[in-house]
Amino acid sequence: MTASVLPKVLLTAFEPFGGETINPSLEIALGLTGSVIGGHRIVGQVLPVAFGETAHTLRHTLQVERPALVIALGQAGGRSEISLERVAINLIDARIADNAGAQPIDRPVVAGGPSAYFSTLPVKAMRNALHAEGIPAQLSFTAGSFVCNQVFYLLMHELTSMRSPARAGFIHVPYLPEQAVFHPGAPSMSLETMVAGVRFAIAAAIETAVDIEVAAGTNH
């Protein structure tokens with residue numbers, strides 16, 4: 001089977017924001033786009049860090065690509081591990097302005113939509129796959145309330161509305177070292193490690209139909 005007819009994994013990423021000149025999610029997507037993992041072709045899509053424009057771009061991309069699996073990537077400066085997000089909430093509460101200068105506060109992502117959506121990815125199996133390769137990874141219960149969470153929520157809402165069988169979710173990644181140098185004390189991870197981590201996460205998501213049953217909750 002040629003690559004052009006393989007089922008697709010849509011990998012979305014963001015442009016730089018918040019004064020940064022680079023975004024690790026974008027570099028990861030560029031590094032993986034066009035590759036084949038688990039019999040699936042990786043298709044990358046860059047999303048603007050702008051509440052209004054991002055919604056249109058994501059919706060159009062899903063309709064055009066019709067992926068079998070979707071993983072949205074985003075930068076979470078200050079985190080030390082690759083974070084597999086579990087929950088998207090129907091809330092926008094922007095601490096900073098987006099790249100278009102908008103800063104919506106206490107607004108729903110989708111008016112009248114469900115309060116939250118859960119990832120449909122096998123996040124526990126994905127975390128274990130990364131740990132088996134010596135890559136720091138954690139499950140996370142919040143994707144924040146900025147554009148990352150908006151994309152995560154919209155992604156799940158659109159797939160539900162389309163009655164798509166595609167599984168989907170969101171992964172946050174740390175700063176790159178060249179970013180962390182401007183944020184004293186902030187952890188970082190090399191691009192090589194992050195690309196490998198996302199590659200292993202994609203492979204685990206493709207291979208795992210039903211997530212493994214292991215404890216991964218928190219005490220706080």
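Are phenylalanine 17 and phenylalanine 146 buried or exposed? Select the two residues in this predicted model: both phenylalanine 17 and phenylalanine 146 are buried.

**First stop: the whole chain**

Show the chain as a cartoon before going to the side chains. The cartoon has 6 helices and 9 strands. With a radius of gyration of 16 Å, close to the 17 Å that the globule rule gives for 220 residues, the chain is as compact as a globular protein of that length. Along the principal axes, the C-alpha atoms fill a box of roughly 45 × 40 × 40 Å.

Now switch to contacts. Among contacts in the chain with a separation of 6 or more, 79% are between residues 24 or more positions apart.

**Second stop: the surface**

Of the 220 residues, 50% count as buried. Colour the charges next: there are 13 positive and 17 negative ones, and their mean positions lie 8 Å apart.

Hide the surface and show the aromatic side chains. A search of the whole structure gives 4 aromatic pairs. Start with phenylalanine 17 and phenylalanine 146, a tilted pair with 5.9 Å centre to centre and 40° between the planes.

Phenylalanine 51 and phenylalanine 146 form an edge-to-face pair, 5.5 Å centre to centre, with 90° between the planes. Phenylalanine 51 is in helix α2 (residues 51–65) and phenylalanine 146 in the loop between β8 and α4, so this pair ties together parts that are 95 residues apart in sequence.

**Last stop: the cluster**

Which residues form one aromatic cluster? Select Phe17, Phe51 and Phe146 together; these residues form one aromatic cluster.

Then colour by relative accessibility. Phenylalanine 51 is at 7% and counts as buried because the cut-off is under 20%. Phenylalanine 146 has a relative accessible area of 16% and is buried. In this view, phenylalanine 146 is the ring to centre on, as it pairs with phenylalanine 17 in a tilted arrangement and with phenylalanine 51 in an edge-to-face one.

Notes. Residues numbered from 1 in each chain as written. Predicted model: local features only at pLDDT ≥ 70, side-chain atom pairs only at ≥ 80, totals over all residues. Heavy atoms only, no water. Phe/Tyr/Trp six-rings, centres within 6.5 Å; stacked < 30°, edge-to-face > 60°. Buried < 20%, exposed > 50% of the residue type's maximum accessible area, 1.4 Å probe, protein only. Helix = DSSP H or I, 4+ residues; strand = E, 2+ residues; numbered from the N terminus. Rg over C-alpha atoms; globule rule 2.2 N^0.38 Å. Contact = heavy atoms within 4.5 Å. Lys, Arg positive; Asp, Glu negative; His and termini not counted. Charge placed at Lys NZ, Arg CZ, Asp CG, Glu CD.
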